[in-house]
Protein chains: 2
Amino acid sequence: MDFSSKLLENAVNEVSRLPGIGKRTALRLVLHLLKQPIENTNYLTEALQLLRANVKTCEKCHNISDTPICDICSNSKRNPSIVCVVEDIRDVMAIESTAQYRGLYHVLGGKISPIEGIGPQNLEIESLVNKVKIGEIKELIFALSSTMEGDTTNFYIYKQIEEFGIDISTISRGISVGDELEYADEVTLGRSIVNRIPFEQSLRN
Amino acid sequence: MDFSSKLLENAVNEVSRLPGIGKRTALRLVLHLLKQPIENTNYLTEALQLLRANVKTCEKCHNISDTPICDICSNSKRNPSIVCVVEDIRDVMAIESTAQYRGLYHVLGGKISPIEGIGPQNLEIESLVNKVKIGEIKELIFALSSTMEGDTTNFYIYKQIEEFGIDISTISRGISVGDELEYADEVTLGRSIVNRIPFEQSLRN
């Protein structure tokens, strides 16, 4: 791309560093900002800078939070002995939106991924193992995505906490509610047969 | 979406104001910035603010430029009597990348669109008509997109300059080079037949 303005080129280059944003999209976004009042650009850049400079993570669950202890961890109505292990804040938001879970979370901050250079020491695994060690947790629910990295991370954590004898479960995998069997992939369908549940239990859901 | 952090929510809201960026994408982009060093966020916000605060448009063609007269308008090797009318800088970049055009440009800054509240007074039409009036332009080439808005804008400008008797043309529409006829849409194929060119002329392309 041959830009007529160095300022424009710099802005497009910076925007296109964001994941999934190519040069053309970046140009479109930047030109949009140029057509809007200057305040809109200021609001955007200020919001990003304020967030980046002041972002905190909850001391207990490591979720993004404006306070030292997040709203979920400080909610006395929630059960602190059940902890759901997730990758990041998006998973917390997804599970919260189901309104089906009343325990706490533990946000790892990623999954073990040798390809991306993410090892156990880059994640909040030690703090999780400590929580189990001091007897704070009675049940741990793994809710990482079911990829190679997710399974590896689950197993790594499992090996470090199995000796403490707490309940360890993982969210169930199966056919989505409302999905047709014929369109389901074989792995998911296979798992849903192997991990079938008593019919009477399904009635209670 | 239920955010655990007001700072995060603000940043996501501002990013999702950009065209084509929904809340989920905005959250993904913002979380990406949080995982990167703080400098990356600073580079991004600085580039946007510098651009927005200092952006200039060329006094002659109204294209985005860091100098009062842009590189194209100040290039003495280009023919100033041929002017190509385009919507914005992206069209200039697209035509420049063909290396087939040695005239100048006139950037309107948009198209007439009553639905979006864009009238002729919001575009650089008066300055274009003035250029024609003072005899600066011998040939005008319309290169707006062939939509209702583009055609309206072309016609509006045409009615104001037809009395001056300069050459007025529009870029040709037709089947893309390398495209199969059977997959072309009827309107384009129809136009390409109506606007057929002498075979000998096509040999010279």
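Guide: Let's start at Lys131(A), which counts as partly exposed because it has 19 C-beta neighbours inside 10 Å. For the cut-offs, a residue is buried if 20 or more other C-beta atoms lie within 10 Å of its own, exposed if 12 or fewer, and partly exposed in between, with C-beta atoms placed from the backbone. Quick housekeeping: residues are numbered from 1 along each chain as its sequence is written, while chains are lettered from A and ligands numbered from 1 in the order in which they are written. Also, this is a predicted model, where local features need pLDDT of at least 70, side-chain atom pairs count only at pLDDT 80 or more, and totals for chains, interfaces and linings use all residues.

Back to our lysine. Lys131(A) sits in helix 5 of chain A, residues 126–133 (helices are DSSP runs of H or I with at least four residues, strands are runs of E with at least two, and both are numbered from the N terminus). Leaving out residues up to four places away in sequence, Lys131(A) touches Glu136(A) and Ile137(A); touching means that the C-beta atoms, placed from the backbone, lie within 7 Å. His62(A) is 69 residues away along the chain, and 13 Å separate its C-alpha atom from that of Lys131(A).

Now zoom out to chain A, which has eight helices and six strands. Starting from the N terminus, they run α-α-α-β-β-β-α-β-α-β-α-β-α-α. The chain is divided into domain 1 (6–54) and domain 2 (64–171), bounds that come from an automatic or database domain assignment. Over C-alpha atoms, the centres of these two domains of chain A are 34 Å apart. Of the 205 residues of chain A, 26% count as buried.

What about the inside? Nonpolar side chains tend to be buried together in soluble globular proteins. Here the largest nonpolar core has 80 residues, and Val85(A) and Val85(B) have the most contacts inside it. Such a core is a set of buried Ala, Val, Leu, Ile, Met, Phe, Trp, Tyr and Cys residues joined through C-beta atoms within 7 Å. Among the residues that Val85(A) touches are Leu128(A), Leu140(A) and Phe142(A).

Next, the partner chain. The contact takes 47 residues from chain A and 47 residues from chain B. On the side of chain A that touches chain B, helix 3 of chain A gives the most, with 13 residues.

Note on methods. Two residues are in contact if their C-beta atoms, placed from the backbone, lie within 7 Å.
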